Amino acid sequence: MPAVGIPTSGNNKEYVGNLTPYVLATCIVAAMGGLIFGYDIGISGGVTSMDSFLKKFFPAVYRKKEEDKTTNQYCQYDSQTLTMFTSSLYLAALIASIIAATVTRKFGRKLSMLFGGLLFMAGAIINGAAKAVWMLILGRMLLGFGIGFSNQSVPLYLSEMAPYRFRGALNIGFQLSITIGILVANVLNYFFSKIDGGWGWRLSLGGAMVPALIITIGSLVLPDTPNSMIERGQHDEAKAKLQRIRGVDDVSEEFSDLVAASEASKQIEDPWRNLLKRKYRPHLSMAILIPFFQQLTGINVIMFYAPVLFNTIGFGSDASLMSAVITGSVNVLATMVSIYGVDKWGRRFLFLEGGAQMLICQAVVTACIGAKFGVDGTPGELPKWYAIVVVIFICTYVAGFAWSWGPLGWLVPSEIFPLEIRSAAQSVNVSVNMIFTFLVAQIFLTMLCHLKFGLFLFFAFFVFVMSIFIYYFLPETKGIPIEEMGRVWRTHWYWKRFVSEEEDHPNGGYEMGKAGQTVKNV
């Protein structure tokens, strides 16, 4: 039995090609699609801690927070209407990601990005001009449709454009954009909350138009990927595009493998049903479990509600937003560490190290909050040093997530799917991500109210489970061409039972034919 999770195939294929300025610029522009997701994550938590926003749309929450200072700190924000404002976006993103699978497959990755940008812009305009809660929720749903399209297409685009040796670093550009979006949103919330008249929340929500414009314009100027062009029958254009993005003339080996993958893809009439085949069990398992675990790290508890959480810990309203800016900065810097290390140290190392780091920090934060708040949620005055300790460990936790489950939760699923199921499988990945983001966002404040500091132990348990899962079941995908990924499953101690040796084709291990015939590449 090979070492746990490590591929041992000696039939490694290496395509020629360089990291050209053209492909680098292309991937940077495409990665900006993450800005809309990140901006929204950062803005929603900050806005819901602004008193003027709460007074206008959620007066019951405001009264509970302001008028009774003896209120249990764990329960002061427990409002299903307030959490519906945040989490309605993720239901919309779930629906959009399913539609986006067909758009991405039939019309290319660029069109999905364009739809994402336009829908997000419409949502930002409605939210910025909102007069009632229904307008807020309608705007949030349009934002969700935009995020569903962009999150479905951008990671695929990056994985297909990048040379395989640099695929990890370039794909993590998407997560870097998410973290930059969160940081920018936190900084803007901090300053907009100080505007006289209490209308700064409109600028925060309406400001989402800026990242929407970036991805909309970007989608119009970006080239399509060779994989997508071949899928739509544009072989000559695809070969010329592949030569340009690889920076060499002889791309015949990679091009022929892409064509073979496309031919296999065309044999599949229903990629959704195809996903259920036994040989795709490893891919489907990862498409479901990686985003499931990513949301149960507890990171969204920190990033959605960082201002709320810091306010609950005992900081003032300004200090809570400033603390969120600090965690946002840590998020960006730690993601850069991941960009540097993912193609050097590998995916598994970052997953396991990040998991251990998060587990330790969650235990310490549980002890700190539990010791001060007890079970009744009344902390009294928090000493400054105590608050600083909590912030330090929360930042260490954020760093652990930002160089492991944050970027790799998007990278690994986007690079392991064969072309014939790629769009459908990525939709499963995004859909599961959004389902559990919705559930965590919708029930977090209620769980905080009832589980109190034990909520962090709830997420710590899942961090432990997911680290065990990675150790035993995720093979290393570093340095393997995307259309050659089939071999990592055939050499894995567990998954090889689902992927037969007969499928060992140069294009990554698919059956290509009908009526039991297997077509091999020549």
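In this predicted model, the count of cavities of 30 Å³ or more comes to 8. The second largest cavity holds about 150 Å³ of space. Its lining is made up of 17 residues, and those closest to its centre are Tyr 15, Ala 162, Tyr 164, Arg 246 and Glu 254. Two elements, α7 and α13 (252–266), each give two or more residues to this lining. By class, the lining of the second largest cavity divides into 8 nonpolar, 3 polar and 6 charged residues.

Helix α7, which spans residues 133–161, also contains Ser 153. This serine has a relative accessibility of 0%, and therefore counts as buried, the cut-off being under 20%. Leaving out residues up to four places away in sequence, Ser 153 touches Thr 104, Arg 109, Ser 112 and Met 113.

Gln 426 counts as buried because its relative accessibility is 0%. Apart from neighbours within four places in sequence, Gln 426 is in contact with Asn 151, Gln 152, Pro 155 and Leu 156, and also with Pro 413, Ser 414 and Phe 417. A C-alpha to C-alpha distance of 7.6 Å separates Gln 426 from Ala 101, although the two are 325 residues apart in sequence.

Helix α2 covers residues 34–47, 14 residues in total. From first C-alpha to last, α2 reaches 20 Å, close to the 20 Å expected at 1.5 Å a residue. As for burial, 14 of the 14 residues of α2 are buried.

Aromatic contacts come next. A pair of aromatic rings is described by the distance of the centres and the angle of the planes. The structure holds 29 aromatic pairs. One of them joins Phe 292 and Phe 462, whose ring centres are 6.2 Å apart and whose planes stand at 85 degrees, so the pair is edge-to-face. Because Phe 292 belongs to helix α15 (residues 281–295) and Phe 462 to helix α23 (residues 454–473), the pair ties together parts that are 170 residues apart in sequence.

Phe 462 also forms an edge-to-face pair with Phe 458, at 5.3 Å centre to centre and with 65 degrees between the planes. These two phenylalanines, Phe 458 and Phe 462, are 4 residues apart in helix α23, so about one helical turn separates them. Residues three or four places apart in an α-helix point the same way, because there are 3.6 residues a turn.

Methods: Residues numbered from 1 in each chain as written. Predicted model: local features only at pLDDT ≥ 70, side-chain atom pairs only at ≥ 80, totals over all residues. Heavy atoms only, no water. Expected span 1.5 Å × (residues − 1). Buried < 20%, exposed > 50% of the residue type's maximum accessible area, 1.4 Å probe, protein only. Contact = heavy atoms within 4.5 Å. 1 Å grid on protein atoms, 1.4 Å probe; cavity = no way out; pocket = protein on both sides within 12 Å on 5 of 7 lines; lining within 4 Å. Points joined across faces, edges and corners; volume = space filled by probe spheres on them. Nonpolar A, V, L, I, M, F, W, Y, C, P; charged D, E, K, R; others polar. Phe/Tyr/Trp six-rings, centres within 6.5 Å; stacked < 30°, edge-to-face > 60°.
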